[in-house]
Structure formats: C-alpha cells, structure tokens
Amino acid sequence: MSWQEAVERARAHIVPRTYEVLQRFEYVRELAKEVRKAREEVVKNLDYYIEEARRAVERIGGRFYLAATGEEAVETVAKIVGRGKVVVMGKNNVATETGLRQRLEAAGNEVWETDLGEFLIQLAGDEPSHILAPALHITKERAAEVLRQRLGIAVPPEAEAIAQRAREFLREKFLRADVGITGANAIAADTGAVVLVENEGNIRLTTALPPVHIVYDGVEKIVPKVYHAFMTAMVQSAYAGLYPPTYVNLSAGPSSTADVEMRRVSPAQGPREFHVVLVDNGRRKAAKDPDLWEALLCIRCGRCHLHCPVYLTLGREFGRPPYTGPMGVMWTAVTRGIEEAGPHALKCVHAGNCREVCPMSIDIPKVIHAIRARYLRSR
Amino acid sequence: MIEWLSALRGLLVDNLERSYLPLPVDPGVCKRWREGLSFGGRERVLYTSCMYQMAPLIHRAVELLEKYGAHRGGLRTRVAALGARLFGGVLLKPSEEEERRAAAILRSIYSLLKKHGVEFGVLEEEPYSGALLYELGLVDDFAEYARKVYMRFREEGVREVITVDPHTQYILEKVYPQFVEGFDLSVRSYLDFLDPSKVKVKISGFAIHDSCLYARYLGRYDTVRKLLAAGRPVEDPFITGRETSGCCGGPAESIMPELTRKIAMDRAAKLSRLSHTAVVACPICFVNLSRTGAIEVRDMAEVLE
C-alpha cells in the first residue's frame with residue numbers, strides 16, 4: 001500500500017471524528033483560546049518561566065536540569081540512567097529530536113519504546129512520519145511482519161491482535177524497568193507538575209512502575225499554572241480527535257504518602273526519584289525570533305498534517321522527522337536552523353488549511369513563508 | 001534546487017525589468033481579449049495582471065524546463081539553469097484554444113460587471129503584479145518590483161483596482177501594503193461587485209474547487225457559494241469545506257512540478273467523487289486541474305451570466 005493510501009485511510013478515520021468531537025464539546029474551542037494565551041505568555045517570558053519551573057520542581061522534591069543543546073540533554077539523562085539498566089519510554093518527540101534512545105542503548109541499557117506506534121518504529125529501525133501517530137506509514141500487514149521478523153512473534157495482520165501481542169511483550173519490560181522516561185504535554189510553572197495525556201496506558205505505567213521517572217521535553221512545554229496544563233492536555237486530545245482521552249496523568253515529584261501522622265514522606269508505591277530535564281536546543285532563540293516564536297505555541301495535536309496537501313503527498317519528506325508536515329517545517333527551523341528547514345519550506349503551497357485547523361491559530365503559512373524567504377536570502 | 005531557483009529568479013527578474021511581465025510573452029497576449037470592448041475612465045480599472053492569459057504559459061515553461069531535469073538537482077540542474085536563460089530569446093505563446101478560453105473568461109467578467117452597472121477603464125499596458133516573486137519567497141525582489149508597479153498605477157491616475165483572480169487580489173490587498181509605503185489603492189475582486197440575485201448559473205450539479213486564497217486568506221468562501229448557489233453545487237464537508245478543501249498544487253509548479261502534478265491528481269480524484277464538473281475561480285487552478293484529465297473544469301466566469 002502506498003503512502004497516499006495509508007494516509008487517506010487514516011484521514012477517513014480521524015478527520016470526521018475530530019469534527020464530531022469539536023461539535024459535541026463546544027467548550028474545547030474556548031479552552032484552546034485560553035491555552036494559546038497562556039502559552040504566549042510563557043513564550044514571551046520564557047527565561048522567567050524556566051526559572052519558575054525550576055524552583056517549583058525542586059520544591060516538590062524533584063531534580064531540575066536545563067540543557068542548552070540536544071547533546072547536553074542526552075548526556076544529562078545518560079548520567080542519571082547509568083549502564084545496564086532497563087528503560088521504558090513513553091512516546092517522546094524530543095527524545096527522537098535529540099537521539100536519546102540511541103544514546104542510552106549505546107551505554108549498554110535495554111531501552112524499549114512503549115507507545116505502540118513508536119514501538120513499531122523502534123523495531124523497524126524506522127523514522128516517525130507523524131508527530132502523534134509515528135507509525136502512520138506502517139500498515140497492519142507491515143506491523144505484523146515487523147513483530148515476526150524482529151521478535152519472533154507470530155501475529156495476524158489485525159490492529160487488535162498487534163496491540164495485544166505488543167502488550168504481552170512490553171508488560172514484562174515495565175515490571176523490570178529501572179527507569180521510565182516520558183515527555184510532557186505541559187509542565188506547570190507554579191507547581192512543577194507534569195501533565196501527560198494518553199490512551200494506551202503505557203505512560204501511566206512508565207510514570208508509576210519504575211523507581212526513577214525522568215521527564216524529558218522542551219522548555220516551551222511550560223505553562224503558568226497547573227490548570228493550564230490540564231487544559232492543554234484536553235485541547236490536544238480533542239484536536240487529535242481522541243476525546244475524551246482515556247488517561248490524563250499528573251506527576252508532581254517522587255511518590256509520597258502522608259498516611260502516618262499526616263507527615264508527607266517519600267517514596268511510596270511510585271518512583272523514588274523525579275527528574276525534569278528541559279531541553280532548549282534552539283527554543284529560547286526561537287522565542288525571541290520575530291518569525292519563529294509562534295511555532296513554540298504548537299501543542300503537537302498533529303491536525304495540520306492531515307489537512308496539508310504537501311504532507312499528504314510527500315509524507316515525512318516534508319520536514320525532518322520527528323518534525324514533519326506544516327508544524328514540522330517550523331520545528332525543523334527551531335531545532336535545526338533555517339538552512340535545514342529551508343528546502344522543506346520551498347515545498348509549501350500555502351494552501352492555508354493548516355492555519356485554519358490549528359487549535360492555537362498559529363499562522364503556519366506565514367512562518368513557513370518567512371523561513372523560505374530567509375533561506376533564499378541567505379543563499 | 002537552489003541553483004534552479006537562482007536561474008528562475010534570474011529569468012523572472014530580467015523579464016519583469018524589461019517588460020513588466022514575468023515570462024517572455026508577446027504583450028499582445030495580455031490585451032487581445034479587449035478587442036471590440038469599450039472602457040471608460042482611469043480612476044477605476046479592471047486589472048487582469050495577465051494571469052488568465054499567462055497561466056497556460058507558466059505550465060508550458062515548466063514542461064520545457066522539466067525536460068532539462070529542472071527539479072532534480074545536481075548536474076542536470078545546471079543544464080536546466082542554462083535552459084532557463086535561453087528563454088530570454090524565445091517568446092512563449094498560448095495555443096489558439098488557450099487564448100480563446102482566457103479571452104472568453106475575461107470578456108465574461110467584463111460583461112458581468114457591466115450588467116451590474118460598474119464602469120471601469122483599463123491600463124493600456126498592464127504590469128504583472130509580482131505575485132510569483134512573493135510566493136516563491138523572493139521578497140526583496142518583490143518589494144522592489146511592487147514599488148514600481150504601484151508607481152505605474154499612480155502615474156496612470158488609478159485609485160481603485162478590480163481584480164479578476166485570487167493571486168492578484170491577495171498580493172494587492174494583503175501584501176502590497178506591507179511592502180509599499182503609502183500604498184493607498186482600493187482593491188476589490190470582481191466577485192465583490194456581483195449580486196447573487198442578478199446572476200444566472202448556466203450549469204448545475206457541479207463541485208466547487210475553492211481557490212485557497214479566496215477561501216482561506218481573503219474571506220470569499222461564502223461569496224463564491226452565494227453566487228453559485230442557483231447551480232446547486234454538490235458539497236461534501238471533507239472535500240469542499242472551507243478548512244478541508246485541498247489545493248490544486250499550483251504554487252509548487254515552478255519548483256517541484258512533480259509535486260504539483262500529484263497534488264492536482266489527488267484533488268481532481270476527490271472532486272470527481274462529487275461531480276464530473278468542477279467550477280474554479282482561479283486561472284492556476286483552472287490549468288492544473290484541467291491537465292489532470294480526470295475532471296471537466298469550468299471557470300466561475302464561464303458559468304455565470
């Protein structure tokens with residue numbers, strides 16, 4: 001099956017469902033406006049909010065790290081993890097951006113992606129094609145083939161069976177895991193709380209079962225208050241057409257209990273360590289950039305991809321994985337610079353659908369046009 | 001791609017400097033549609049920007065450049081760059097059918113405006129708007145050229161411009177004010193002058209292919225529908241919705257023609273699920289969707305009277 005057939009199949013499933021969600025739960029559009037305001041406030045005062053987040057994370061017993069570059073970020077995590085550990089990961093675009101899994105594997109750790117799509121990508125030795133559905137390009141037939149070839153698991157080419165066999169395989173990894181690494185949909189600067197939205201249940205297990213939880217994401221995920229973090233999660237899932245989400249997780253520090261004399265002690269059943277590694281890698285510079293700053297408002301719902309005629313035609317050749325599609329061109333510029341994003345910006349047909357469907361109302365065509373103009377000017 | 005773009009830029013800028021047209025075209029191509037029509041006044045002009053007339057030629061130029069492997073990069077790109085330079089000595093001409101069709105569309109727009117009592121003149125020699133420079137990302141070249149075009153309008157005493165296509169409307173309404181200091185022309189689409197109760201729709205059961213610019217940049221999605229309503233267009237929320245309708249691929253034509261072709265094929269296939277006829281309101285959409293051969297394409301001005 002071709003890319004276009006695969007993506008049209010996905011569109012047929014998710015696009016009508018997203019419109020149905022937005023029609024049924026009208027308040028989501030209002031929430032989206034609030035989230036945009038909150039994120040804009042943070043982007044315009046990013047350094048201030050990074051420091052606020054640092055103080056909040058430390059207040060709740062966590063360790064906070066700010067990594068200037070991707071290299072610094074992976075080295076920070078590599079030091080926390082050490083060698084010979086079992087690591088489970090929730091889907092994390094910043095991990096892909098910085099090559100985190102590969103770095104941990106090189107250090108002799110056993111590392112498993114636990115999001116089904118990302119798990120398939122890992123097994124196939126492939127790259128993600130969509131910010132939210134990384135295995136969008138992998139058909140059920142190919143997924144079954146990958147499980148058989150890489151793990152010796154025989155499974156019929158059916159989504160339900162594939163999900164079940166992945167669950168069986170990964171369950172043991174969760175139980176053995178020394179470290180769980182997740183991203184964040186939002187990080188509240190007031191409390192240090194990290195909010196994650198998901199449907200599979202893998203993030204809940206990744207954040208709760210291993211003794212060490214590392215949150216690894218970009219600095220732009222900070223929002224001012226914890227309620228903004230919840231709003232972000234709900235808006236993201238609604239605009240991804242998956243509403244209500246099956247799970248919303250809040251992690252605020254190592255596990256704790258106050259059941260003995262009401263004195264809060266740590267750890268309890270969950271992790272004993274809580275680390276928050278926030279990655280800059282071009283984001284702070286972008287926040288001050290007159291064209292790119294708006295890209296930092298993106299909440300990674302992946303809706304723009306499914307309405308972009310260029311992405312629907314070229315797939316992950318439009319942008320640099322994990323940042324593909326309209327948002328991906330902007331994010332390639334943020335994380336890899338104008339030189340690398342420029343050739344992708346040239347492919348844009350400024351159809352404008354991306355801006356119309358963006359929950360943050362990011363003027364994506366305008367940002368991409370600016371990348372294009374700057375790229376050409378530099379040449 | 002950069003080498004090719006550099007060659008393309010050279011071609012466009014050279015031609016614009018020489019003739020105020022982006023391609024080496026006989027200026028007669030731009031104005032033969034006016035034969036036998038009367039125009040009055042200069043303050044308000046009908047401005048084609050030679051878009052309908054040149055649209056088939058852009059396609060032809062790209063076809064020629066494709067033969068040189070223009071979009072493939074590497075050594076063949078340098079050959080393509082040479083091919084682009086050679087255009088300097090060649091005048092591109094539309095076929096008789098293409099010229100007749102463009103003229104029919106423009107004459108229909110003329111008649112529709114006259115029917116609504118709109119009086120307007122026309123510039124003897126129309127400068128091209130420069131939209132392609134901007135769309136390609138050549139903003140410095142565009143800014144310099146746009147200032148010259150504005151001066152041409154001012155020198156001719158023009159105060160109001162009536163556009164016939166979305167690219168020209170967009171560039172004059174939204175972009176010129178950002179790049180041309182003191183830009184003060186009133187810019188309106190011919191669609192804005194038409195009263196839905198006074199127009200007839202000659203065909204029915206067609207699908208509407210929206211111009212991206214009219215629908216999502218210029219707020220004319222509903223304008224188009226009101227004018228075409230009597231033809232009972234076939235709508236589908238995921239094919240012809242304001243947010244969901246697709247592009248014809250045109251803006252990538254001069255950079256990645258293969259991408260354009262694939263997008264156009266996909267769009268035509270979707271439209272053909274609704275009707276065997278698609279009505280468009282843009283010369284670029286007209287050319288790109290027509291050449292897919294998957295659907296009959298009519299311009300809005302051809303189906304309104």
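**Reading a strand and a buried arginine**

Modeller: In this predicted model, A:Ile187 stands opposite A:Val194, a residue of S6(A).

Colleague: Which strand joins S6(A) by two bridges, and in what sense do they run?

Modeller: That is strand S5 of chain A, residues 186–188, and the two strands run antiparallel. S5(A) and S6(A) make a hairpin, with five residues between them. In the turn, A:Gly192 has a positive phi of about 80 degrees.

Colleague: What pairs with S6(A) over five bridges?

Modeller: Strand S9 of chain A, residues 247–251, pairs with S6(A) in the antiparallel sense. There, A:Val195 stands opposite A:Leu250 of S9(A).

Colleague: Why is S6(A) said to be largely enclosed by the rest of the structure?

Modeller: A residue counts as buried under 20% relative accessible area. Strand S6 of chain A spans residues 194–198, and five of its five residues are buried, so the strand is largely enclosed by the rest of the structure. Both faces are covered: A:Val194, A:Leu196 and A:Glu198 are buried on one side, A:Val195 and A:Val197 on the other.

Colleague: Now chain B. Is B:Arg225 buried or exposed?

Modeller: B:Arg225 has a relative accessible area of 12%, so it is buried. This residue lies in helix H10 of chain B, residues 221–228.

Notes. Residues are numbered from 1 along each chain as its sequence is written. Chains are lettered from A and ligands numbered from 1 in the order in which they are written. This is a predicted model: local features need pLDDT of at least 70, side-chain atom pairs count only at pLDDT 80 or more; totals for chains, interfaces and linings use all residues. Side-chain values use heavy atoms; hydrogens and water are left out. Helices (H or I, at least four residues) and strands (E, at least two) are DSSP runs, numbered from the N terminus. Buried means under 20% relative accessible area, exposed over 50%, partly exposed in between (1.4 Å probe, protein chains only). Two strands pair if DSSP finds at least two bridges between them.
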